[in-house]
Each structure stands twice: as C-alpha cells, then as structure tokens.
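Please keep the sequence and the 3D view open while reading.

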Amino acid sequence: MKRKFCLLLSILFILAQVACVSNEDQTPIQGTSTESVSGQVLLNWNLGLFNQEVSQGELVEILEDGLNEILTEKGKTYRVKLHYPKLYEREVLDGVKLEQIDLVREVRESAGQFDLVTMVDTQQEANQIERPYFELAKEGYLYEIERERLATTQISDQDWELAQIDSKVYGIGFQMPQLIGMKYSVDGLEKSGIDSERLSASIFENIEIYEEYRRKTGSIPIQWFGFQLFNYINNPLFLPCNNLCWEEGRGFTSIADLEGMSTLFQNALELQRRGLVQSVNVETGLGADFLVTTIGSPIFNELPYEDNEEIWIDKALEDRKLLYIPNPSLAVYDPANGDLRTAILRDSSHPEEALDLLRLLTEDPDMANLMRYGTVEVIDQGKAGRMLSSTAFMELQYYGPRIANGALSDSTEVETADKAAFKQKYERTLPQDYPRGFRFDPVPVLEQISRTNEVIGPMATSEISEEIRMLAFSDAQEVLERLQRELEDAGMDEIIQEANHQLEEWRKGSPN
C-alpha cells in the first residue's frame, strides 16, 4: 500500500454496465488479413498507455523500429505496427468535459483493426473510473491465453494468478516488487560526522542519531512529506478506495483498523515530540539543510547505495548526492498492478504470431531492455556489463518494465544484479491468504468510497487528514480512534461489507 499514497498510483474501473459475451469459443469474431509490404504478417498493436499527442515521432521510432529490428534478428516472419488510442470527449463532474483515452470504446469501434492491445486502469475523476482489461475480458473481446501454449518459464506463478479473470488469463503483464526506505543527505552526514554504518533501515530506530545531528548542526533532521506515515504499512490496498485494505488472517479491513497502526502513530508522534521532524509540502520541497526523508523512487536493491538525484529544495531543483537505505521489511507489491496487460484481441487474424510476440515480451532480455530504456544512446554502464540507455519519455520508464518482463532487463549500478531472484523473493511478501485474481468492483459503493476518501487520502482536505499529514496531533490513540469513527460515519463498513460479498461470490466460481 505504502507508495500508493505517495505516488498516487490510481487503479481505474469502468462505470458503464455492459452485457457479457461468452469467451468460450476462441474463433475470431471478425478479422481481416493484413500483410506488410514484404509479404510478412503485420501485427497491429494498440499501445493504449500513451496519449497520441505526446507520443508521436521519437517514441514511435524508438519502439516500432526497435521491435522490428529485434524480430528481424530473431528470424521472425512477422512485423509490428504501433498505434496510439484516440482521445474521446467525456463528460465529467460539474458539466466539465475532458478528452481522455477510452480503450473499451476504441476496441468496440475497431473490429478487425488491431491484433493486440496494451491497457491499464485509469481514473480521471471520482466517477470516471475505467478498467479496460476487466471489461474487455468480460465482454468477450480478448483471446484466452493458455499457459501451456505461451510455453515459457519466465512468467511467475504469481504474475499468472494475479492476471486471472474468472479463472482465465487474457492478458500478460509484469511487476517488480519495490522496497521502501529512507534517503540521507551525504552532505548532512559529512557535516555532522555521523557514520552511515550506524543507521538502521527503520527511521524509528535512529532517534539517538537524529538527536546527535540536531545538536551538532542546529537543523531538524527529518523532512516529513504528508502521508509518509503510511509508507510503513505492508497491506494491499484496493483502489480507488484509499482506505480498504487486506490483512492476513482477517481479510478486508479499514486502514485505521490495521494491526500495528496504534504503535505506528505513537512512534511518529515520539519523533515529533522530540523536535526531530519538519513537515514539508510538494510546493516548497525540502529545507536546504536536512538529513533524512522518505524515498520516492523505485528501489530494486536490498543494500545501501549512493546516487545523485535532483530533488526539490526551497522551490528549486538541486542536484544532491544521497545515501539510500532500503528497508527489506517494507516491500511494495501491488496485487492488481493497475491491471496493466497486453492482450490478443479475439478478432485478430494472427493469434499465433501475436502469441509469439507475447512470449518474447515474457522471456527475451532484448525486448525487456528496449521497453525499459528505449533509445540506443549510451549514457550508463550497467552491472550486467552492457551499455545502457535512457529515454525522455517518463511513461516508457514507468510502464516499459511492466509491458516486457522488467526482471530480465539489464541492471543499473544502483540495482541488484539479479532482478529475477529479487522479484521471486519479494513476491512472497504478498499475504498468503490474499485472493489472487479477485478484483474489487467499486461501482456499487462509489458514493461511500468518495466520502471515505475525503476523510483521509492523498487528496483529502479534512481536518483529521491535515492533522495526520502534518503530524499535528498530541495523542496518537485519540486521533486514530477519531479516524476510525469518521471513516465509519462516511460508510467504511458498507464498503467492507460489499467487498466481502463480492469475494464470497467470486469464490463460488473460483477453482482455487
């Protein structure tokens, strides 16, 4: 859950209720034979992650040319043509209209045009939630992928299980577990003469060191960003509800009722009571003099390391050398993964070639590197001994390792050399009793979700949310009990009841 508060990674669900179409028959609904100029099969791939207005030109060249170069090297008899989704005008709150991607509509209106589609859940407004993988699978637009036909050992059992809808898989996607930790100013450590070897991975175990820093420098050591407190929770979260969690042995529960929350609030309050915390915001950034703050970028490493980073300090970006200390006990594994999947459409005329492309995205390091790094311009020497590259497209840096198997991409200097082993280890942090393949449908309780999200969450402006965000409370138990009451008054019990009902219905049809 942790980073879901800080990074605001939203999972979207489609509001429109549509009739389901059986997907038992794998015969294409409709298809047209599309061949390339050379006579080879041409696969049309709708890369529905990128707005066409910002993804033309260079990105087309990077991905499409790169994909086809790899296919040529491997002697494949097909090529790929990339497409980007249209923008549709949608009515949103207060009569305001917004242009946004609607992949479900795109697929419905383009029968026979595409062979593959890459999709991800999104959320524009409280009542504008879209989950194309779930909806397109339910409507029968996606080709069922049988694991034995995919024929690869590079997709983990957990990735496969989490991709299931009604015990079937229609799309392939990947995620890497990420570690939460703290980052320290190397300059602050040097000025105070503090040996980094003394630092524990847990911020709450370093109180004496932080007090030493303050005595020596006169500066407050901890720069506290809003919901940093929730970085210390290991429970899966069911977005778009910011407060519905899964706890092993208990099932669905409210964030305020999680075991250990009282201790967590008390620990944070103790830091505040000792004068070790300065609350900051995203507009001003960190103070010029600081020692420690939360890590806000993915970490694929268990060991401390130094790296340079541009950070927001006093309303300006500054390049600083930082010491990153990951906390192996705080591993983020988002079960739904935003349902980022690449699927074969049932009306594809070339399902075998499309299945082969999915196999390459699953097991081929060249594909993994292309999707993660993009360009061929050399800027970094990776741990694997190959020259790595980068791209200016942030979407590719974030989504790329989830389209192709990011565990197989070359590691940078600050990553573990064997990301596949790292992935396997931290996949096990997902609770054993978590219902793998279950998807919570928020539509029946959207009103309650909206109200509870206003009580506490990244965008909440309630009085109690501000108190917790700024650590502006004097009694940890009192503020936690008040949070519980306000969530209950906003409809938290109804959300939990609905989630349990959906889970019960899901289990009736699940072979597991």
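Two strands are taken to pair if DSSP finds at least two bridges between them. The model shown here is predicted.

One of the residues to look at is Q223, whose bridge partner in β15 is Q278. Strands of a sheet pair through backbone hydrogen bonds, in either a parallel or an antiparallel sense.

The pair β12 and β15 belongs to an open sheet of six strands. Read across, the order is β15-β12-β16-β11-β18-β17, and the pairing is mixed. Strand β15 (277-280) lies at one edge and β17 (305-313) is the other edge strand, each pairing on one side only. On average, neighbouring strands in this sheet are turned by 35° against each other, with direction ignored.

Now turn to the helices. Helix α14 covers residues 446-455 and helix α17 covers residues 492-509. Their axes come within 9 Å and cross at roughly 130°. Angles over 145 degrees would count as roughly antiparallel and those from 65 to 115 as roughly perpendicular, so α14 is oblique to α17. The crossing of these two helices is left-handed.

Which residues of α14 and α17 meet? From α14 they are Q448, I449, R451 and T452, and from α17 they are M492, E494 and I495. By type, the residues of this contact between α14 and α17 comprise three nonpolar, two polar and two charged.

Technical notes. Residues are numbered from 1 along each chain as its sequence is written. This is a predicted model: local features need pLDDT of at least 70, side-chain atom pairs count only at pLDDT 80 or more; totals for chains, interfaces and linings use all residues. Side-chain values use heavy atoms; hydrogens and water are left out. Helices (H or I, at least four residues) and strands (E, at least two) are DSSP runs, numbered from the N terminus. Axes are lines fitted to C-alpha atoms, for helices over the stretch in contact, and angles run from 0 to 180 degrees between N-to-C directions. Angles under 35 degrees count as roughly parallel, over 145 as roughly antiparallel, 65 to 115 as roughly perpendicular and the rest as oblique. A crossing is left-handed if the near helix is turned anticlockwise from the far one by less than a right angle, and right-handed if clockwise. Contact means heavy atoms within 4.5 Å. Ala, Val, Leu, Ile, Met, Phe, Trp, Tyr, Cys and Pro count as nonpolar, Asp, Glu, Lys and Arg as charged, and the others, Gly among them, as polar.
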